[in-house]
Amino acid sequence: MAEVIIVKSQDEAGEIYARCVADLIAAKPNCVLGLATGSSPLAAYEKLAERVKANSIDVSAVRGFALDEYAGLDPAHPQSYRSTITRTVVEPLGLNPDLVHVPNGALETIKDAGAAYDKAIAEAGGVDLQILGIGTDGHIGFNEPGSSLASGTRIKTLTEQTRVDNARFFDDDINQVPTHCITQGIGTIRRARHLVLLAFGEGKADAIAATCEGGISSLCPASALQLHPHATIIIDEAAASKLQNADYYRWAYEHKPAWQGI
Ligand code: F6R
């Protein structure tokens, strides 16, 4: 079972993530970070950037692999995940852009792009720490409900719900939201050594309850985290509001010995 940490704010969650990543970089300067887009990781990236600057952490060898990309969207489009990762992670942290990879959504090559991406991750030695958001339907990456829990990086069709959720990034116009994507598979994500999933707000409460306390099912792709040996789920009170064991998670975190780590 994943560790569930209930926090007061996105900033508090971000601090925990930033601490984990700073410790990782200190131990392994060329570590491999798994990167997500969307709104959930933004405070975490900001806190990490603050920590990198304040402590003059050398990030020149840090490598990164993003989770997903829209199919057929120009990488130069401001809402492509290539642009988003550049804007929210690479630039604020001062990472070497040549070491940060995003799946290639170009339609001409997309059929082979998934296998090539998984090969590149394996050749990099695997992802050390993967940050994740979660969709209101329980998706991680763009693995929509019904995705194989063993899947590799591949093309997926977005659900109507995900396109509605993401229309906010496209002038609130669902017609501008691409219909397809290329995403790391759940099998790919599960190979990362540490998973940190962030979720905030009441809209995520059902998905979080299914993830943490429901059965393991492709209907809730994030429930695959229950199979992972090192998964940390950091959520606010609203996202935790439908958890049966919330009091236990709070107690366990409040009484956590330092030696246990995150
Ligand atoms: C983003 C991604 C998605 C998002 C999810 C939640 O790279 O893979 O799974 O993490 O859709 O999005 P937000 O954080 O915007 O609610």
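This is a predicted model: local features need pLDDT of at least 70, side-chain atom pairs count only at pLDDT 80 or more; totals for chains, interfaces and linings use all residues.
Lys 156 has Cys 181 as its bridge partner in strand E8. Strand E8 covers residues 180-183, and its pairing with E7 is antiparallel, with four bridges between the two.

Put together, the pairings give an open sheet of three strands, ordered E4-E8-E7 and antiparallel. Strand E4, residues 68-70, and strand E7, residues 154-157, are the edges of this sheet; each has a single partner strand, so one side of each is left without a neighbour in the sheet. From one strand to the next, the twist averages 30 degrees.

A second sheet is built from seven strands. It is open as well, its pairing is parallel, and the order of its strands is E1-E10-E9-E6-E2-E3-E5. Which strands stand at its edges? They are strand E1 (3-7) and strand E5 (100-101); because each has a single partner strand, one side of each is left without a neighbour in the sheet. Within the sheet, strand E9 (residues 194-199) and strand E10 (residues 231-236) run parallel and are joined by five bridges. For Val 196, the bridge partner in E10 is Thr 232.

The ligand is the next stop. Where does the ligand sit? The space that it takes is the largest pocket. How many residues surround the ligand? There are 15, and the closest of them are Ser 40, Asp 68, His 139, Gly 141 and Lys 204.

For His 139, a polar side-chain atom lies 2.7 Å from a ligand oxygen. Lys 204 likewise has a polar side-chain atom 2.7 Å from an oxygen atom of the ligand. In the side chain of Thr 37, an N or O atom is 2.8 Å from an oxygen atom of the ligand. As for the cover around the ligand, the ligand taken alone exposes 410 Å², and the protein buries 94% of that.

How values were computed. Residues are numbered from 1 along each chain as its sequence is written. Side-chain values use heavy atoms; hydrogens and water are left out. Two strands pair if DSSP finds at least two bridges between them. Axes are lines fitted to C-alpha atoms, for helices over the stretch in contact, and angles run from 0 to 180 degrees between N-to-C directions. A residue is near a molecule or strand if one of its heavy atoms lies within 4 Å of it. A polar contact is a pair of N or O atoms within 3.5 Å; within protein, one must be able to donate a hydrogen and the other to accept it, and residues adjacent in sequence count only if both atoms are side-chain atoms. Accessible areas come from the Shrake-Rupley method with a 1.4 Å probe; for residues, only the protein chains shown count as cover. On a 1 Å grid over the protein atoms alone, a cavity is a set of points where a 1.4 Å probe fits but cannot get out, and a pocket is an open set with protein on both sides within 12 Å along at least five of seven lines; lining residues have an atom within 4 Å of a point. A molecule sits in a cavity or pocket if more than half of its atoms lie within 2 Å of its grid points.
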